Amino acid sequence: MAAILDRLFCNVLLCSGDTIMLIKTRIYNTQKYVKIKEPSLEEFLNSAFLKFSVPPVNGVKVFDETGTEVDAEVFSDIAQQPNTGILTIKFDDDLKETLHSSSQEANSSALSTGSGDDTVILEIVSCNSDDTIILEESDSPPRKRQRADEEAKRVVELALRRPGGDRIIKEYHRTKSLTDSSRRQMVNILVADMTEAHGTAPPRNVREMYARGIVQLFPYLMDPYSKNGYEHFYDGESGSGYLAWRLKTIQRKSASSESRGSSRQLTGGPAARREASFSPEMTLSEEQCKEAMALMRYCTDEATIKQKMKMTFQHRRSMVLDVEKSSDVLTEFPRFKDVKGLIEQDFVLQFGEDVAARFMERWPTTFKQKVIQQCKALPSTSDLDELIHCAEATPDEEEIDDTLTLGWDSDLSSIILLLHLIPPSAQGRRRPGKVSAAQAEKQLVVFKKSGTSIQEHVDAIKCTTQPYLLAVGMKRSTIHEFFIILDKQVIPCKSSSTLGAFDELFKAHFVFGTMYNQMLHNMFTFIQTTIYNIDIGQVQESPRVAEVRARLLH
């Protein structure tokens, strides 16, 4: 932060007869006007930070030529005086960096950095002044990275001067985001600019420069959970991202093609080996495990069952991670099928209570309304409109609105909306090919009216399936009981609420080490990394997952 601000030099233009003050601000070789409506210190600094996409920092003080501090209370009077002279900004000790500068004689006065190395100098000049301040740049890593950011930003700015680019910039300034269509158009413009200068197979550093430039010019598009923030536009390690996808499309249409780069090893996900949060006081021998498992089969005391399940957790995890034994977990531990809460207990033993509680804490307060708002910007369909209507309904409205009684309740509707916001990836050229969100919904939850035989439903399953919810009730908006169906086995959910049941469904993947349904992979990956914060950077995420995360977390 300080590394950026330490090179911030401003020439202030005081133009009389107008309520808007223009402050000429310079960072490196980039010079812009910053508008403020009143000459206040806070507004000027905030406007400068916003103009240059610099995050605000504390510890900034301004001094006049006599060494007297100019605080916010007197800044307005001092700044408007014609003989103010040179103002100096200094930072607290914890923000200092060595500043190498050279004095340069300006048209109206000589400029000096003063006695400290932690200064930034502003000079009040007349409206017709062309004075500039040049700073000798350091070659320290932060300076190099900052220069790379500025260069990348400038490249993207120039590229967006092409037709259509101005509309994209205006939309971002208005909404602090880009619609899907605008993002696609931006990617097309930038790739066209890239291929014009570097051919259809530009080197990795060029692709990364454009990706870096996007998030520098549009900081609210940055993904806060990725290493650099721009991997959803281009990830050099895996060769994926929106820019890479567009380049591959162009390459397929042209005669040339680029050799595929090596992909990084990703080790996260439900079936990954990991160190459990729970450490048993004693490790059971194989004989002791067998005794505990035998006791649980016929025990009627729920507390005793849960205690024995806790004691055999390590043995169960070894089975889950063993390809040959993983399918036998429910056979060896059948109490999952009649004692509620065992999935939650195993998940807590694996990750801890803090991680286990994140979805129930964060979805209603942080994500639900944002998902609904984002879905309102998607192309309208009857399914989407109905889900939005149900998601925004209150419990009282659900009872009297006939439309709402036919749909899911507000919470489950908002979760299914996430499938529309992060749709399934294409399944390849073979069937089922491209899958709609409505089709994927059927892989997430199935409704059965009360009185329907659950066993008949299970018997009708023709093949092995990934976990999904079976919702039982008089109508979709009023579910009385949820079950998790896994490999034709029925596991009752402890919770009768839709959020609680979905929470258990997600956790079942980790407890039984089963992969996500391919149609639900993007949605579950978003839930895993963004809400539970599990295996961040260790799972393959589609650019859409990172893009939606950037939208929802800014």
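Visitor: Is the crossing of α15 and α24 left-handed or right-handed?
Guide: This is a predicted model, where local features need pLDDT of at least 70, side-chain atom pairs count only at 80 or more, and totals for chains, interfaces and linings use all residues. Residues are numbered from 1 along each chain as its sequence is written, and side-chain values use heavy atoms, without hydrogens and water. Helices are DSSP runs of H or I, at least four residues, numbered from the N terminus. A crossing is left-handed if the near helix is turned anticlockwise from the far one by less than a right angle, and right-handed if clockwise; that of α15 and α24 is right-handed.

Visitor: At what angle do helix α15 and helix α24 cross?
Guide: Axes are lines fitted to C-alpha atoms over the stretch in contact, and angles run from 0 to 180 degrees between N-to-C directions. The axes of α15 (residues 358-375) and α24 (residues 543-553) come within 10 Å and cross at roughly 115 degrees.

Visitor: Which residues of α24 does α15 meet?
Guide: Contact means heavy atoms within 4.5 Å. From α15, F367, K370, V371 and Q374 take part; they meet, in α24, R551, L552 and L553.

Visitor: How far apart are the axes of α16 and α19?
Guide: The crossing of these two, α16 and α19, is left-handed. Helix α16 (residues 382-391) packs on helix α19 (residues 410-421) at about 145 degrees, and their axes are apart by 8 Å.

Visitor: What is the relative accessible area of C390?
Guide: C390 of α16 is in the contact with α19. Buried means under 20% relative accessible area (1.4 Å probe, protein chains only). C390 is buried, because its value is 1%.

Terms used:
Buried means under 20% relative accessible area, exposed over 50%, partly exposed in between (1.4 Å probe, protein chains only).
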